[in-house]
Amino acid sequence: MASPTPNSLARRAESLRRAGELAQAERPFAVVTVVRTEPSTSASAGNRAIVFPNGSMEGWVGGGCIQPTAQREGLAALEDGEPRLVRITPDTTVSQHNVRMARITCASEGTTDLYVEPFLPRPTLIVAGDSPVVATLTAIAPPLGFRLLTMDATTRLTPGEVPYPQDSWMVVATFGEFDEDATEAGIRLGLPYVGLVASARRAGQVLSGLRTRGLEEGELGVVRSPAGLPLGTSGQEGISLSVMAEISSLRAE
């Protein structure tokens, strides 16, 4: 077996440094590593690439026969949060236990095995408002493992601040101050849940206002009001507990 060249060793070290940087910044990414090859293939064991949610890649795991599969499987791992072994081979009829089979897309007869591992940030809780409910959520969310973002009437959240919307959750408890703006922001970020703490009458007004702003019924489906599971609790602490219980339940689905 040929020894790695200084350049290849430097690329591998750089990919590890980059992965550590992304993890520290709580950015979602998947690492694709070549773990085994059979001739002939342009890949070598130890080649590594990073796949981002937008499909872009840094690093190199092989040529055009391998990169598309690496990209596709990296994105799939980011979607379901599960690591996987992938075999890219001319013969996909011979299945392997717990190995995803992918047919090679060019004339090469080689085989390449990839290990694909997603790295996801902590779930994010976005709280909008300055109310007792928000104060309680701010206190209990971090011990439950959530990254916390707060919103006031001047906040304009960008996709860069919410890098993994699939596991980001919003609670709007502004008590009428900027309900529509905060709820619309959560919907447009693509969040799976926007819990609106409001009376039934006020919630109806908010949804009506959002329809006027051009939001469709399908988009409004992520809004939950009353927010929280019916736990039989009361008071601001009880509301906060029921909301976190609802979010935890949805995350487990």
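Which residue in S6 does Thr 33 stand opposite? In this predicted model, the residue facing Thr 33 is Tyr 115 of strand S6.

Strand S1, residues 29-38, and strand S6, residues 111-119, pair in the antiparallel sense, with 9 bridges between them. Both belong to an open sheet of 6 strands, whose order is S3-S2-S1-S6-S4-S5 and whose pairing is mixed. At the edges stand strand S3 (57-60) and strand S5 (99-103); each has a single partner strand, so one side of each is left without a neighbour in the sheet. From one strand to the next, the twist averages 20 degrees.

Helix H2, residues 67-80, packs on this sheet. Its contacts take in S1, strand S2 (48-51), S3, strand S4 (84-89), S5 and S6, and the direction of H2 makes about 160 degrees with that of S4.

Which residues of H2 are buried? They are Gln 67, Thr 69, Ala 70, Glu 73, Gly 74, Ala 77 and Leu 78. Around the axis these residues cover an arc of only 165 degrees, which puts them on the same side of H2. The strands against which the buried residues of H2 pack are S1, S2, S3, S4, S5 and S6. Just after the helix comes Gly 81, which takes a positive phi of about 75 degrees.

Gly 55 lies in the loop between S2 and S3. With a relative accessible area of 11%, Gly 55 falls under the 20% cut-off and is therefore buried. Leaving aside residues up to four places away in sequence, Gly 55 touches Gln 71 and Leu 75. Gly 55 and Arg 156, by contrast, are 101 residues apart in sequence, and their C-alpha atoms are 26 Å apart in space.

The buried residues are Asp 179, Glu 180, Ala 182, Thr 183, Glu 184, Gly 186 and Ile 187. Just after H4, Gly 190 takes a positive phi of about 80 degrees.

Notes:
Residues are numbered from 1 along each chain as its sequence is written. This is a predicted model: local features need pLDDT of at least 70, side-chain atom pairs count only at pLDDT 80 or more; totals for chains, interfaces and linings use all residues. Side-chain values use heavy atoms; hydrogens and water are left out. Two strands pair if DSSP finds at least two bridges between them. Helices (H or I, at least four residues) and strands (E, at least two) are DSSP runs, numbered from the N terminus. Axes are lines fitted to C-alpha atoms, for helices over the stretch in contact, and angles run from 0 to 180 degrees between N-to-C directions. Contact means heavy atoms within 4.5 Å. Buried means under 20% relative accessible area, exposed over 50%, partly exposed in between (1.4 Å probe, protein chains only). The arc is that of the directions from the helix axis to the C-beta atoms.
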